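Please keep the sequence and the 3D view open while reading.

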Amino acid sequence: MLSARTVQLPSRPVPSDPGLEALGVEVHFHSRRGPIYMVSSTCPQGVGNKEPREEGVDKFHLTMQMIRSDFPQGAVIRELLSRSQSTLSRESYLHAHSHGDVMIGGLFPLHQETDYDITPGQLTCTDFNIQMFLRAQVMIYAIREINQRMPRVLPNLSIGYDIYDTCGDVSLAIRATLQLLRNQSDPQSCLVPAHFQTALPEPETKAVIGASSSEMSIAVARVLALSSVTQIGFAATSELLSRKLKFPTFLRTIPSDKHQTEAMVDLIIKFNWKTVVVIGSDDEHGRYGSDNLEDLFSQIKDVCVEFILILPGNFSLNNSTNKYVTDLMSKFNKSSAEAIILFTQEFNVRVILEAAIIHRLNRTWIATGSWSTSKLISTLPGIERVGEIFGFISKRNEVPGFRDYVISMFNGTSNTFLEYYQTHCASCSGTPEEDGEGLCLPTCGDTSSLANYIDQDKSYNIYLAVQVIARGLRSLLKCNNHRCKRSTEFTALKLFTEIKKVNLTVNNTQIFFDGNGDPSIGYDILYWNWTKYKHYPKIEKIGEYRLDKKIKLRADLVEKKRNVTVTAFNCSKTCKHGQELKILHKRCCFYCVRCADGEFSPEKGQQCKRCRADQYSSLQRNECIDKTVDFLMRSDPFVGILSALAVLGIAVTVAFAVLFTVYWGTPVVKAVGGYLCLLELLSLLLCFCLTFSFAGKPTGASCMVGLPLYGIAFSFCIACILANLLQISLGFSFEVSPRSCAKRLHQPAALVMIVSGIQVALCGSWLGMYPPKAHQVIFRESILKQCEKGSNMFFIAMLAYNTCLAFICFVFAIKGRKLPDLYKNASLIAISMLLFLIVWVFLIPIYISLIGKYKRATESTAILISSYSILGCHLAPKCYIMVFRKELNNKNAMAEYIRKHYEQSDTAVVRSAPP
């Protein structure tokens, strides 16, 4: 994943409150968690007690790291300590109670807000919420059903309830929780009884259902954990609540945000979306959800998070919201994201989508369970213009019989909440005045429309929570269909232990808790369909996500989404084979770029990868093709010609050696040096054999044998010729005395050894220090196997030495042409040496400029021509005389030729013998 930019809008600073210090409250600011309040249970003077306590008496410090300052003006601590300066209006503080053998508590925000102000005075809860009212009724209905069901779940026992309205405020939720634990502590005496004992008294309430939000549930969970009271959340999804070391008695019937974020990522991958934006909020739900998404996307390479933006906790209430929203819309307009994830509460979503409607912003939105079925959002005027909306919600189901129960006016039952609704919301006969979510105005309502506000997710989660508690009680009390063997005198911890083990099926929904207290329930994937109704959507189920990380979606929808190759922002999502997706201009906007030479992309848009060194990329750049291994193969026609010439040269050389042996002692053999001619033939035979080493796949041995041994063999051959020329020259030099130094030092064998020995030393150093070796030259489509010289200096020195010897021989041969040589040795040697010089002079530029496998063939050709020049020009005429002109191969013929030569030059050739 490309790195995401995290943007956090300015959050509201913690308001200063001189009264906090007087209340015994220390405020510590945590960079990630916000302000943390440390509350001392030792009451300051005049707070919660009629008489001041002595300093240091009954000191018990209770640290509550549960409350953050996301609520206006720091009302959390003030209400928590029940200040005498501000009291809650009894009229708005709703509480429903029904006695039973076992008591279950409930915490529901029937009212959404309070009218808290920094001025001391009464607090009043406002914005009565019909859906929350109905959810509280679900809990009452489920308990009533269990008490009346036949056969009885708990024979001879009844379950009672104690349900409080938290007014959407953490401080009031804490106060209600303390009321539920009233046997343990007295909220009117600064949270802790005057005579505090080491062991906390057992509370009457054995389990609590609620609270609604993660923020509130975290605060409540810390208090309930003090007495090991089971808390079952029906709407709190924060992953933080899965940490059992912090929240040991918290369970829930709604999946954790951890699974919801994984489901979102799987949906994005399934739909082939490449770019997303994440909007979170500074609360337990939004902060941890956006963090999880960032971690998950960081593990995916082909999804780019354009930016992550965290809204302040009081975003929807802040006076600067308009500026925030304007900035947010500007970011959306500049963004090329295919999907925008709104991981925040519905009141924040409402502000954002209202602005999107005004700014005519049409995008794809992904909803969390907090607003995916919200009527507050779905009934916004113009909501159909914001674009597609996909959402996640925990597995939905209807509460059995509850709809009929509501339509029947609750079967004539009564409770405080119902009486309040009938008094405040059903007091007029006009048109119902509720908004989309069922926030009832104080003056008007319509009980006949209540059934339309029954949801199938949170309500069903509450119903499951009651069933789980009942099953835990049945197991703990050892109940059958007739009686319970154990009494109701049990601890809350024992009930919690049994509830953790519950595994039951309710209306085809199997529920059990894992080690983190999370349920086995997955998610339904929703789609807001606008085709049937123009102004409000039909929320359809298009798939599901199971907690085994398997996602199922409608095949036609998946195909439709995956077939989109270019987004509305001209960003490519897929490319042809051989192209990769790259970001060029805009962040997270991909374009198709052709892979470079030597790279390939086998799949559409996949990142280009380098081919191996022995491969090259196809023209389409969609695959790598193995390079052909190229070398001078023995099956090559040109090699065949060279091999035939080499074989012929070997045969001729052997034949000449046989002839010279047969005619050993004749003048012709003596004229070419006698044994020197056999050494000369031996070196030529070696040269012809060496030409075979230049064909075939080069190896270390073949490379070392080729040129160095040729240099030695040919220098040996030229040394023999040079010795022969000196022998002829001295033989016909009459001015030189037989006792002269030149004639006495002339030893052909020694001369050959010295001259060739120099080349042996040169080539030996070459092989010892920088030996030739097999080497490969890599081209685009082929790999050329050839021999590397090892050292160009030694190679040039070897050729230069042989060339120098050939030139010396050529000079001596030119000078020896005037000698009475019947067999024209000097002339023929001059021709052969001239051919050698010409061949190697022309070979060097050809050799340097030539690239490819035939470079080695030029070396073999030069060796063959050099060998054939000596064999054909120097030795072949002698064999011709021995075979076809035998009359010339005798002493008389030679003497006659010499006599005539000197007669023509008026030189006396016969001298009298000494006396």
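## Helix 4 and helix 5

Helix 4 (residues 170-180) and helix 5 (residues 214-224) pack with their axes 9 Å apart, at an angle of about 30 degrees. Helices here are DSSP runs of H or I with at least four residues, strands are runs of E with at least two, and both are numbered from the N terminus. An axis is a line fitted to C-alpha atoms, for helices over the stretch in contact, and the angle between N-to-C directions runs from 0 to 180 degrees. Their angle makes helix 4 roughly parallel to helix 5. Angles under 35 degrees count as roughly parallel, over 145 as roughly antiparallel, 65 to 115 as roughly perpendicular, and the rest as oblique.

The crossing of helix 4 past helix 5 is right-handed. A crossing has this name if the near helix is turned clockwise from the far one by less than a right angle, and is left-handed if the turn is anticlockwise. On the side of helix 4, the contact is made by V170, A173, I174, T177 and L178; on the side of helix 5, by E215, M216, A219, V220, V223 and L224. Contact means heavy atoms within 4.5 Å. By class, these residues are nine nonpolar, one polar and one charged. Ala, Val, Leu, Ile, Met, Phe, Trp, Tyr, Cys and Pro count as nonpolar, Asp, Glu, Lys and Arg as charged, and the others, Gly among them, as polar.

## Basis of the model

The model is predicted: local features need pLDDT of at least 70 and side-chain atom pairs count only at pLDDT 80 or more, while totals for chains, interfaces and linings use all residues. Residues are numbered from 1 along each chain as its sequence is written, and side-chain values use heavy atoms, with hydrogens and water left out.

## The whole chain

The protein chain has 25 helices and 32 strands. Of its 915 residues, 53% are buried. Buried means under 20% relative accessible area, exposed means over 50%, and partly exposed lies in between (1.4 Å probe, protein chains only).

The chain exposes about 41,100 Å², and carbon and sulfur atoms supply 56% of this area. Accessible areas come from the Shrake-Rupley method with a 1.4 Å probe; for residues, only the protein chains shown count as cover. Of the contacts between residues at least 6 apart in sequence, 70% join residues at least 24 apart.

Helix 21 (residues 748-769) packs with helix 22 (residues 792-815) at an angle of about 170 degrees, their axes 10 Å apart. This angle makes the two helices roughly antiparallel. Among the residues in contact are W766 and M769 of helix 21, and F794 and F795 of helix 22. The contact has 12 nonpolar, three polar and no charged residues.

The axes of helix 18 (residues 675-690) and helix 24 (residues 855-884) come within 9 Å and cross at roughly 150 degrees. Helix 18 is therefore roughly antiparallel to helix 24. The crossing is left-handed. Residues in contact include E680 and L681 of helix 18, and H874 and L875 of helix 24. The classes in this contact are 10 nonpolar, two polar and one charged.

## Loops and backbone

The loop between helix 3 (130-148) and strand 9 (159-165) holds P151. A cis peptide bond, with omega of about -5 degrees, joins M150 and P151. N156 is found in the loop between helix 3 and strand 9, and has a positive phi of about 65 degrees although it is not a glycine. N156 counts as exposed, at 64% relative accessibility.

Which residues does R483 touch, not counting those up to four places away in sequence? They are P155, N156 and K478. R483 and N156 are 327 residues apart in sequence, but 6.4 Å apart in space, C-alpha to C-alpha. R483 is in the loop between helix 13 (458-476) and helix 14 (492-500), and is partly exposed, with a relative accessible area of 46%.

## Two buried loop residues

C167 is in the loop between strand 9 and helix 4. Its relative accessible area is 1%, so C167 is buried. Phi of C167 is positive, near 55 degrees, in a residue other than glycine.

S335 is in the loop between helix 8 (321-334) and strand 15 (339-343). S335 is buried, with a relative accessible area of 2%. Leaving aside neighbours within four places in sequence, S335 is in contact with V277, E306, F307, R363 and F569.
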